[in-house]
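Biologist: Could you walk me through this one? I'd like to start with the charged side chains and then turn to the helices.

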Amino acid sequence: MVASYEDRLWNQKIDTIVNKCDMISDRITEAGFQFNDVNRTLETEVEQFASLLEGRIMVVDHNYRIVKDTFGVEDNRYLMTEDVIKTMSGESIQPTTIDQQYMEAFYPVKDGSGEKINGVICVIASCQDITDMGNYMEDQRSRLSTLIIIVSVALSFGVSVFMTRKFKVLNRSVRYIAAGHTDEQIKVVGFTEMKETASAFNDILAKMQMIEDSRQEFVSNVSHELKTPITSIKVLAESLLMQPDTDASLYREFMGDIVEEIDRENKIITDLLSLVKMDKKVAKMNIEAVNINELVEGIIKRLNPIAKKRNIEIGFEPFRPVIAEIDEVKLSLAISNLVENAIKYNNDNGWVHVYLNADHKFFYVKIEDNGEGISQEHQDHIFERFYRVDKARSRETGGTGLGLAITREVALLHKGAIRVQSNPGEGTTFTMRIPLTYTS
Ligand code: ADP
């Protein structure tokens, strides 16, 4: 900016010199290069021009004789410098500067017709004003730069103090929550990004709270489930103790009940352990290629005697041979749970159909029964731990409410899925979809 401003001043100065020289040269021609009392006004004009430029003007005639020197020291001497000779011969000379202090310019004095050059006006003009202006501007520029630097530093400092303060608030909030106040929320303060971060934290906290709630519910359910058989055992044992001379048959009956309760306790513990083992973080998958047709056939064979007791018929319809990469123990448990449920929650003389099918990616095990069915309201919860539609009925049949939770975990561990479709009074269909190839 400073340089371009200086350039402009230079050009302005050159324009002034050229215009003035243009005017004076005509007057000099008119006066026939005579600077005497008759042409006093011309002399004054030249003198004024020189003083305006704070410089010196010399007028040279066609003999290279100085007819006018405003310094009055070179009058009548001869000036035959290269630039003067060139100007005299019609060449145009660009104005030049000397030490950035002075400007030297040469202007031809033409005759009346404007064709012949009769002399030269040599102008030496001071450039001090331009240099001073340049220096002044440079000075202003550095002052402005300093000011901008100071303002920027102050501004950044202010912004950083502002941000740090907001961060401190956020930090305090996070530390407070980290200290155990997980039911609190982080204060949403500061600029947009900080607010977004705080909201994201709050979302995580909400999820953590949900996990914590379900964990607590699970623990209380476990305690309750484990206590129930123990309470029954205690009641049975105490009533025997309170009647010292009870006959042996009653003893036998009560002892039978106690054994049943112990079996039940055992089943709950076994199911719980299975569920714990299914935990994604600890579950070790023993993956191998297994013939699913044989696996399902084996399960049906094992459960057939239970079904026969209530005259329930189990049918197996494989659509094709299926070999898949699975954890045999875990998947057997899952399918067994489904077939067992289809028997347990069936009516006497009912039926259970097991279908096996596959496409290029998955295989599907479908277990269909014509039992009591599950209403829509319960369908949404049956995969939850300890959820039972009819507690008393489930207890009767030896259910723990963990079977479907285990089955769903197994499906998820295999990157598969399970879904239920049921109409109360008509029957239930569970479909399990498992990938043919296992990906960890
Ligand atoms: P449980 O040990 O009680 O059988 P599950 O987790 O296996 O627990 O099943 C949860 C509940 O879902 C059962 O209590 C039962 O009411 C219902 N249920 C599961 N399978 C069937 C089915 N095939 N037909 C009807 N109800 C079923």
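Modeller: A salt bridge here is a side-chain nitrogen of Lys or Arg within 4 Å of a carboxyl oxygen of Asp or Glu. Please keep in mind that this is a predicted model.

Biologist: Fine, so how many salt bridges are there by this rule?

Modeller: The count comes to 18 salt bridges. One of them joins the side chains of Asp129 and Lys13, with N to O at 3.0 Å, and this pair links distant parts of the chain, since Asp129 lies in helix α4 (residues 128–178) and Lys13 in helix α1 (residues 2–31), 116 residues apart.

Biologist: And Lys13, is that buried or exposed?

Modeller: Lys13 is buried, with a relative accessible area of 12%, whereas Asp129 is partly exposed, at 42%.

Biologist: What does Glu43 pair with?

Modeller: The side chain of Glu43 meets that of Lys68 in a salt bridge, at 2.8 Å from N to O. This pair too links distant parts of the chain, with Glu43 in helix α2 (residues 40–52) and Lys68 in strand β2 (residues 66–69), 25 residues apart. Glu43 and Lys68 are both buried.

Biologist: Which residues are linked with them in a network?

Modeller: The network of salt bridges links Arg40, Glu43, Glu47 and Lys68.

Biologist: What about Glu74, which partner does it have?

Modeller: Glu74 forms a salt bridge with Arg77, where the closest N and O atoms are 3.4 Å apart. Glu74 counts as partly exposed because its relative accessibility is 25%, and Arg77 is partly exposed as well, with a relative accessible area of 48%.

Biologist: Switching to helices, how do α1 and α2 pack?

Modeller: Their axes are 10 Å apart and the packing angle is about 160 degrees, which means that α1 is roughly antiparallel to α2, as the angle is over 145. The crossing of α1 past α2 is left-handed.

Biologist: Which residues meet there?

Modeller: On the α1 side they include Ile17, Cys21, Ile24 and Ile28, and on the α2 side the residues include Leu42, Val46 and Phe49.

Biologist: Last one, how many residues does α5 have, and what span does it reach?

Modeller: Helix α5 (residues 192–242) has 51 residues and reaches 73 Å from its first C-alpha to its last, close to the 75 Å expected at 1.5 Å a residue. Its buried residues include Met194, Leu205, Phe218, Val222 and Leu236, and also Asn202, Glu225 and Pro229.

Definitions and conventions: Residues numbered from 1 in each chain as written. Predicted model: local features only at pLDDT ≥ 70, side-chain atom pairs only at ≥ 80, totals over all residues. Heavy atoms only, no water. Helix = DSSP H or I, 4+ residues; strand = E, 2+ residues; numbered from the N terminus. Buried < 20%, exposed > 50% of the residue type's maximum accessible area, 1.4 Å probe, protein only. Expected span 1.5 Å × (residues − 1). Axes fitted to C-alpha atoms, helices over the stretch in contact; angles between N-to-C directions. Parallel < 35°, antiparallel > 145°, perpendicular 65-115°, else oblique. Left-handed = near helix turned anticlockwise from the far one by under 90°. Contact = heavy atoms within 4.5 Å.
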